[in-house]
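Could you walk me through this protein structure? I am new to it and would like a friendly guide from one part to the next.

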Amino acid sequence: EVPQSAFESCSSLTAVELSSEVNTIGEHAFKHCKALSHIVLPAQLTTIQKEAFENCALTSVELPDRLVTIGERAFKNNKGLTSVKVPDVCVTIGREAFRDCTSLVEIDLGNGLCVLGDNALRETAITTLVLPETITEVGKKVAEKCKSLTRIECHAVLPPKLDGVSNNKVELYVPATSVNAYSSAKNWKNFKTILPLQ
């Protein structure tokens with residue numbers, strides 16, 4: 001484990017390669033490492049705790065296949081981060097996890113995600129948000145102020161719990177058999193356009 005606050009505010013740290021034994025990155029472990037642009041995460045890693053990489057300078061990050069949890073604000077304000085692929089075993093992305101990653105154009109949420117926290121992708125540059133069929137809970141304002149967002153896809157047959165809607169002018173695509181269910185589900189029904197996935 002990388003302990004809580006282990007490298008917090010190490011302003012000259014630019015690159016890190018973690019030991020293959022590490023399975024958890026503790027809270028605030030690399031927070032405010034404002035020069036940290038490169039990190040190699042070990043294959044055994046299962047948990048990134050809250051604020052682990054908040055306010056770093058990461059330009060890319062390869063999330064390992066065993067990663068189950070991305071904590072709240074884990075990658076907040078990494079303004080150089082352009083794309084992220086979340087592994088299929090990841091079930092939770094905490095609130096504000098990628099907030100203010102203003103260059104983040106593409107995020108693949110994987111095929112196993114259950115919970116996407118409040119403001120998780122707020123003020124990113126994503127153009128499409130694809131929620132996998134496993135999703136059960138979508139926080140409020142997950143894609144607030146995402147000015148490039150033009151399409152939201154939710155592949156869940158049953159409408160997941162949605163805590164609030166802020167992108168209701170963006171076209172929402174859902175499974176063809178579920179259009180009626182989304183059209184009457186709390187908060188989902190506020191989307192102006194709900195269309196069947198092709």
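What follows is a short tour of strands, rings, a core and a few single residues.

This is a predicted model, in which local features need pLDDT of at least 70 and side-chain atom pairs count only at pLDDT 80 or more, while totals for chains, interfaces and linings use all residues. Residues are numbered from 1 along each chain as its sequence is written, and side-chain values use heavy atoms, with hydrogens and water left out.

Let us begin with the strands. Helices (H or I, at least four residues) and strands (E, at least two) are DSSP runs, numbered from the N terminus. Two strands pair if DSSP finds at least two bridges between them. As a general point, strands of a sheet pair through backbone hydrogen bonds, either parallel or antiparallel. Here you can find an open sheet of 7 strands in the order 2-4-5-7-9-11-13, with parallel pairing. At its edges are strand 2 (24-25) and strand 13 (161-162), each of which pairs on one side only. Inside this sheet, strand 4 runs parallel to strand 5 and is joined to it by 2 bridges; T47 has T69 in strand 5 as its bridge partner.

Now turn to another run of paired strands. Strand 10 pairs with strand 12 in the parallel sense over 4 bridges, and L129 has I152 in strand 12 as its bridge partner. Strand 12 (residues 151-154) in turn pairs with strand 14 (residues 171-174), again in the parallel sense, over 3 bridges. Across that pairing, E153 stands opposite Y173. Strand 14 also pairs with strand 15 (residues 194-196), parallel and over 3 bridges, with I194 in strand 15 as the bridge partner of L172.

Between those last two strands, look for a helix. Strand 14, helix 1 (residues 179-184) and strand 15 make a right-handed β-α-β unit. Right-handed means that, with the strands pointing away from the viewer, the path from the first strand over the helix to the second runs clockwise.

Strand 10 has a covered face, with L129 and L131, and an uncovered one, with T128 and V130. Buried means under 20% relative accessible area, exposed over 50%, and partly exposed in between (1.4 Å probe, protein chains only). V130 has 33% relative accessibility, so it counts as partly exposed. Leaving aside neighbours within four places in sequence, V130 is in contact (heavy atoms within 4.5 Å) with L109, E153 and H155. V130 and Y173 are 43 residues apart in sequence, yet their C-alpha atoms are 9.3 Å apart in space.

Which residues are linked by ring pairs into a cluster? They are F7, F30, F53, F75 and F98. Rings of Phe, Tyr and Trp (its six-membered ring) pair if their centres lie within 6.5 Å; planes under 30 degrees apart count as stacked, over 60 as edge-to-face and the rest as tilted. The structure holds 6 aromatic pairs. In one of them, the ring centres of F53 and F75 are 5.3 Å apart and the planes are at 10°, so the pair is stacked. F53 lies in the loop between strand 4 (47-48) and strand 5 (69-70) and F75 in the loop between strand 5 and strand 6 (83-85), so the pair ties together parts that are 22 residues apart in sequence. F53 counts as buried at 0% relative accessibility, and F75 counts as buried at 0% too. The rings of W188 and F191 are also stacked, because their centres are 6.0 Å apart and their planes are at 25°.

A nonpolar core is a set of buried Ala, Val, Leu, Ile, Met, Phe, Trp, Tyr and Cys residues joined through side-chain atoms within 4.5 Å. The largest one has 60 residues, of which I25, F30, F53, I70, I93 and F98 touch the most other members. The elements that give two or more residues to this core are strand 10 (128-131), strand 12, strand 14 and helix 1.

Finally, N187 has a positive phi of about 70° although it is not a glycine. Its place is in the loop between helix 1 and strand 15.
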